[in-house]
Amino acid sequence: MDFAVRCVNLYKYLSQEKSEYIMSKQVCRSGTSVGANIRESRNAQSTSDFINKLNIALKEADETQFWLELLYRTQYIGEKEFNSINNDIDEIISILTASIKTTKKKIDK
């Protein structure tokens, strides 16, 4: 949820202060989708469904990281802002990857 809030706030900042609408909307969409898919995984109908939801969240996190890097490389966000939010998405990607691997190992046993 905290990361989703950061993405919404980044969208508001970029659209209001920098008049950037395309990339900021994309990062808002994919960044908020990460948490939504993780939340949805809590009500998975099976272990396979749980893994699927986390995989979708992982794909959205990777897409978010792409948009963040593009915003940085096109100088819409500075290095400090990029590093801060990018560290968060790196951590989310690591957690999702570990959770998926752990759950798959449990299935294989």
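Is F66 buried, partly exposed or exposed? At 49% relative accessibility, F66 counts as partly exposed, because buried means under 20% relative accessible area, exposed means over 50%, and partly exposed is in between (1.4 Å probe, protein chains only).

Hello everyone! Before we go on, a word on what you are looking at. This is a predicted model, where local features need pLDDT of at least 70 and side-chain atom pairs count only at pLDDT 80 or more, while totals for chains, interfaces and linings use all residues. Residues are numbered from 1 along each chain as its sequence is written, and side-chain values use heavy atoms, with hydrogens and water left out.

Let's start with the overall picture. The protein has four helices and zero strands, so the pattern along the sequence reads α-α-α-α; here helices (H or I, at least four residues) and strands (E, at least two) are DSSP runs, numbered from the N terminus. The C-alpha atoms fill a box of roughly 50 × 20 × 20 Å along the principal axes. Of the 109 residues, 36% count as buried.

Now for the inside. The largest nonpolar core has 22 residues, and L10, L68, L71, I89 and L96 have the most contacts inside it. Such a core is a set of buried Ala, Val, Leu, Ile, Met, Phe, Trp, Tyr and Cys residues joined through side-chain atoms within 4.5 Å. The helices α1 (2-17), α2 (22-41), α3 (47-73) and α4 (79-108) each give two or more residues to this core.

What does L10 touch, leaving aside its neighbours within four places in sequence? L10 is in contact with V27, L68, L71, I77 and I85, where contact means heavy atoms within 4.5 Å.

The 20 residues of α2 should span 28 Å at 1.5 Å a residue, and its end C-alpha atoms are 29 Å apart, which agrees. The expected span is 1.5 Å times one less than the number of residues. Buried residues of α2 include M23, V27 and V34, and the buried residues of this helix pack against α1, α3 and α4.

For α3, 27 residues should span 39 Å, and the end C-alpha atoms are 39 Å apart, which agrees. Among its buried residues are I51, L54, L68 and L71, with α1, α2 and α4 included in what covers the buried residues of α3. Just after α3, Q75 takes a positive phi of about 65 degrees.

Back to the rings. The structure holds two aromatic pairs. The ring centres of F66 and W67 are 5.0 Å apart and their planes are at 75 degrees, so this pair is edge-to-face. Rings of Phe, Tyr and Trp (its six-membered ring) pair if their centres lie within 6.5 Å; planes under 30 degrees apart count as stacked, over 60 as edge-to-face and the rest as tilted. W67 counts as buried, at 16% relative accessibility.

In the other pair, Y72 and F82 have ring centres 4.7 Å apart and planes at 15 degrees, so they are stacked. This pair links distant parts of the chain, with Y72 in helix α3 and F82 in helix α4, ten residues apart. Y72 is partly exposed at 29%, whereas F82 is buried at 11%.
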